Structure formats: structure tokens, C-alpha cells
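Visitor: I am new to this structure. Please show me how to read it, feature by feature.

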Amino acid sequence: MIRSYARAAFAFETPPRIVSFAAIVGQKEGDGPYGKCFDRIERDPYFDQDT
């Protein structure tokens, strides 16, 4: 059986590339042993509250 896949929606003259990135985690991960490895620690105002 031959499958056909969708074609690309965009065509770029030059391929896109990643120039920067950031590691964003929650408070629990930021308090762990690798906490200094992350760029930003998000505080969750609803953490540990009843839903």
C-alpha cells in the first residue's frame, strides 16, 4: 500500500534555524538539585490549592 503525506504549507528560501532558547520550569523543578540549570522558574499561584 502506498501512502501519501501532506505537502509543506510553507516554502522558505533559506531553512529556518534556532538562534536562542530558554528552559522554563515550575517551582518544584527549580527547587531541585538542577535548579541553577534553568533560565526561568515560574511561580504557580494555584499550587497546592483546592481545585
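Guide: Start with the surface. The model is predicted. The chain exposes about 5900 Å². Carbon and sulfur atoms supply 55% of that area.

Visitor: What share of the residues of the chain counts as buried?

Guide: A residue is called buried when its relative accessible area is under 20%. Of the 51 residues here, 6% count as buried.

Visitor: What does the C-alpha trace span along its principal axes?

Guide: The spans are about 50 × 30 × 20 Å.

Visitor: Now the charges. How many positive and negative charges does the chain have?

Guide: There are 7 positive and 8 negative charges. Their mean positions lie 11 Å apart.

Visitor: Why can charged side chains pair?

Guide: Side chains of opposite charge can pair when their charged atoms come close. For a salt bridge, the cut-off is a side-chain nitrogen of Lys or Arg within 4 Å of a carboxyl oxygen of Asp or Glu.

Visitor: How many salt bridges does that rule give?

Guide: The count is one. Arg 40 and Glu 42 form a salt bridge. Their closest N and O atoms are 2.9 Å apart, so the pair meets the 4 Å cut-off.

Visitor: How accessible is Arg 40, and how accessible is Glu 42?

Guide: Check each residue by its relative accessible area. Arg 40 is partly exposed, at 49%. Glu 42 is also partly exposed, at 34%. Partly exposed covers the range between the buried limit of 20% and the exposed limit of 50%.

Visitor: Let us turn to a loop. Where does Phe 38 lie?

Guide: Phe 38 is in the loop between α1 (27-30) and β2 (40-42). Its relative accessible area is 26%, so Phe 38 counts as partly exposed.

Visitor: Which residues is Phe 38 in contact with, leaving aside its neighbours within four places in sequence?

Guide: Look past the sequence neighbours to see what the fold brings together. Phe 38 is in contact with Ala 23, Val 25 and Glu 29. Phe 38 and Gly 26 are twelve residues apart in sequence, and their C-alpha atoms are 10.0 Å apart.

Visitor: Where is Lys 28 found?

Guide: Lys 28 is in helix α1. Lys 28 is exposed, at 65% relative accessible area. Lys 28 and Asp 44 are 16 residues apart in sequence and 9.8 Å apart in space, C-alpha to C-alpha.

Visitor: Last stop. Where is Asp 50 found?

Guide: Asp 50 is in the segment after β2. Its relative accessible area is 80%, so Asp 50 counts as exposed.

Definitions and conventions: Residues numbered from 1 in each chain as written. Predicted model: local features only at pLDDT ≥ 70, side-chain atom pairs only at ≥ 80, totals over all residues. Heavy atoms only, no water. Buried < 20%, exposed > 50% of the residue type's maximum accessible area, 1.4 Å probe, protein only. Helix = DSSP H or I, 4+ residues; strand = E, 2+ residues; numbered from the N terminus. Contact = heavy atoms within 4.5 Å. Areas by Shrake-Rupley, 256 points an atom, 1.4 Å probe, with all protein chains shown as cover. Lys, Arg positive; Asp, Glu negative; His and termini not counted. Charge placed at Lys NZ, Arg CZ, Asp CG, Glu CD.
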